[in-house]
Amino acid sequence: MDDNMQMKNYLEGHTEFRNREEMELAAREHVKRNWQKLNRTDREVFELICSHSETYLAVHLTQREMEEELDVSNSTVRRVMRKLIELGMIKRVPFTQPDTQGPGANIYVILPVGE
């Protein structure tokens, strides 16, 4: 089994959706329901997570990757991630590097919309 297949299986185990369309529908609804609570940067971070989640319905990103891709500070990324979690839009899954057993980048998962 190649590395891509192993990562695919690993990330797919964290999603709560059956397909990309369900995830995208939930993502749009999250933004719609929380529009007044989200600023532009919040929406950009959420969109980044969504766009990187399209293939496996979950994403494995470091804060540094998010900082660089969006050209924002580490504290901004951390603040936005806390906010998105508090709003119930995403969940963070801690990841341990299998080879070193040390901490790795977190996995982020878009959540279904609550009632």
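Biologist: What makes Leu57 and Val109 contacts of Thr15?

Modeller: Contact means heavy atoms within 4.5 Å. In this predicted model, Thr15 meets that cut-off with Leu57 and Val109, leaving aside its neighbours within four places in sequence. Thr15 is found in the loop between α1 (3–12) and α2.

Biologist: Why is Thr15 called buried?

Modeller: Its relative accessible area is 18%. Buried means under 20%. Therefore Thr15 counts as buried.

Biologist: Which residues have the most contacts inside the largest nonpolar core?

Modeller: They are Phe46, Ile49, Met66, Met81, Leu84, Ile90 and Ile110, in a core of 23 residues. α3 gives the most to this core, with five residues. Leu84 is in contact with Phe46, Ile49 and Ile90, among others, leaving aside its neighbours within four places in sequence.

Biologist: Why would such residues gather?

Modeller: In soluble globular proteins, nonpolar side chains tend to be buried together.

Biologist: How do the residues lining the largest pocket divide?

Modeller: Six are nonpolar, one is polar and five are charged. The lining includes Trp35, Ser51 and Glu54. Trp counts as nonpolar and Glu as charged, so Trp35 and Glu54 fall into those two groups. About 190 Å³ of space lies in this pocket.

Terms used:
Residues numbered from 1 in each chain as written. Predicted model: local features only at pLDDT ≥ 70, side-chain atom pairs only at ≥ 80, totals over all residues. Heavy atoms only, no water. 1 Å grid on protein atoms, 1.4 Å probe; cavity = no way out; pocket = protein on both sides within 12 Å on 5 of 7 lines; lining within 4 Å. Points joined across faces, edges and corners; volume = space filled by probe spheres on them. Helix = DSSP H or I, 4+ residues; strand = E, 2+ residues; numbered from the N terminus. Buried < 20%, exposed > 50% of the residue type's maximum accessible area, 1.4 Å probe, protein only. Core = buried A, V, L, I, M, F, W, Y, C linked by side-chain atoms within 4.5 Å.
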